[in-house]
Amino acid sequence: MRVCQIRRLAQLKDKVLRMHLLVSFMQTVKTKIRMLLSWLPKSNIGKKINLEELPEIQFNVDKDANELKELVSIYDSQYFLANIAILASMQANPRINLPPFNGFSSPFRQLAHLGALNVTSNAELISKKEVDEKNNDWKDIVVQAIKVRAAYYGEMMPKEGEVSDEYYDLYKISVPVFDSHFDTSTVNFEEQEINKVTDLFTPFNSVIESISGLKVEDFTGIYNVIDYTLSERMKESYNLLVRSLTVKEELLKHNGAPPSTWDYKGDDPDVLRLVEYHTDPRIKYTPDMCVLERHISPKKLEIFFDLFTIKRGEKPSYKYYTEINPLLLKPIYKYSPNKYLIVFQKHLIHSIFRFLYDLVTNSDRQEKFFIHRGKWLQNKTVELLKFYFGKQARAFNEYKVDGQGQDVLLLTKDLALIIENKAHNEVKFSGVPNVKVIFEQYLARFKKFNSKRI
């Protein structure tokens with residue numbers, strides 16, 4: 001009897017601890033927002049916070065998302081997206097070390113969400129050129145973006161009458177799934193992604209060219225030239241400061257002040273280029289089309305930019321953080337004839353991968369592609385194992401049992417590892433705000449996959 005009582009007490013204690021952790025988490029999110037809203041006086045910074053004394057914040061996914069879209073819709077996309085591009089380049093994992101953007105829990109994804117909300121808004125809503133850094137506009141936007149992100153956790157909080165044990169079992173799995181899928185950006189090195197695009201899609205060049213008008217090597221070639229021109233543009237600013245005599249003279253006149261503060265009235269081309277680079281946020285991320293056209297035919301460039309350029313007001317229904325982000329599919333914005341803003345320079349290669357993946361998997365070559373991708377993944381696994389273990393292990397690709405190939409076998413010392421690579425279809429989420437529904441989709445796919453193996 002005593003053993004049963006102790007067990008019940010232990011279970012009750014564990015249940016209380018679980019719920020305490022969940023409530024503490026929500027309090028932490030709310031406290032971060034309140035601090036950003038400056039509800040906490042500077043004199044209280046560093047002191048213990050009594051959460052009961054702070055005003056309550058209500059989260060609502062639909063309401064918060066609508067309000068965030070209203071906040072960013074008033075800005076001209078060419079400048080708003082240019083500022084998003086600059087902020088994205090400032091990320092020092094896992095944060096942006098610049099208030100108020102250091103409040104973001106997933107900076108790249110949250111910036112991409114802001115950019116997409118802006119560019120999918122109706123152009124008639126534009127009333128301002130860009131965000132005024134001298135007031136609280138950016139802070140208001142960041143606070144609302146944090147509320148949007150936090151509201152999803154509120155969706156998973158237990159409702160009245162729900163069994164807490166069942167709720168906790170769902171919560172402890174669905175939160176990591178949500179964070180992993182929606183918060184994590186692709187972290188492959190640029191060269192790895194280019195190689196992956198080349199290896200996976202080159203065998204399907206015929207169907208890719210017939211549908212898109214470009215071959216795989218065209219996509220990667222254009223990407224490389226864009227990357228090169230943007231890198232050269234960034235170097236140009238430094239070279240002007242170091243090598244141009246007129247720039248040096250102007251720098252002395254202004255006592256070393258940054259070029260963005262110069263009130264230059266002259267006509268020297270070097271000084272004008274430098275001032276433009278430091279005062280126009282678009283310039284850093286606008287490739288030189290003259291350079292591009294020296295390497296790539298104008299027709300191919302036209303096709304490429306049409307595929308990956310998003311227009312203001314495109315996908316007007318977009319609002320949820322969990323929806324497929326149209327700006328990540330098309331990370332280029334055209335702001336004047338032959339002027340293209342590359343919003344997410346390093347992400348462009350991932351957009352190319354996604355376009356080619358969707359193209360091939362929606363064609364009659366789908367099954368052949370999945371077979372090819374599976375073999376490619378397995379070969380890469382064996383290559384990696386051999387590189388890591390060297391002569392200390394033996395790796396067998398498709399080792400045979402009764403004449404049938406059986407995945408990868410690794411033998412090292414007293415250890416035998418059987419590695420089964422998986423490259424099946426991706427789970428498609430609905431984009432609805434209710435995280436439980438999203439998790440149920442994921443779980444249903446997982447159960448379906450496992451039932452085939454039993």
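Let's start with phenylalanine 80: leaving aside neighbours within four places in sequence, it is in contact (heavy atoms within 4.5 Å) with Val72, Tyr75, Leu114, Gly115, Asn118, Val131, Trp138 and Ile141. This is a predicted model, where local features need pLDDT of at least 70 and side-chain atom pairs count only at pLDDT 80 or more, while totals for chains, interfaces and linings use all residues. Residues are numbered from 1 along each chain as its sequence is written, and side-chain values use heavy atoms, with hydrogens and water left out.

**Nonpolar cores**
- A nonpolar core is a set of buried Ala, Val, Leu, Ile, Met, Phe, Trp, Tyr and Cys residues joined through side-chain atoms within 4.5 Å; buried means under 20% relative accessible area, exposed over 50% and partly exposed in between (1.4 Å probe, protein chains only).
- The largest core has 48 residues, and Phe80, Leu114, Ile141 and Phe344 touch the most other members.
- Helix H5 gives the most to this core, with 9 residues.
- A second, separate core of 37 residues includes Ile332, Ile349, Tyr357 and Leu359.

**Helix H11**
- Helices are DSSP runs (H or I, at least four residues), numbered from the N terminus.
- In H11 (residues 269-279), the buried residues are Val271, Leu274, Val275 and Tyr277.
- They sit on the same side of H11 because they cover an arc of only 160 degrees around the axis, going by the directions from the helix axis to the C-beta atoms.
- Packed against these buried residues are helix H9 (216-243) and helix H10 (245-253).

**Isoleucine 86**
- You'll find isoleucine 86 in helix H3 (residues 77-89), partly exposed at a relative accessible area of 22%.
- Beyond its neighbours within four places in sequence, isoleucine 86 is in contact with Pro281 and Tyr285.

Technical notes. Helices (H or I, at least four residues) and strands (E, at least two) are DSSP runs, numbered from the N terminus.
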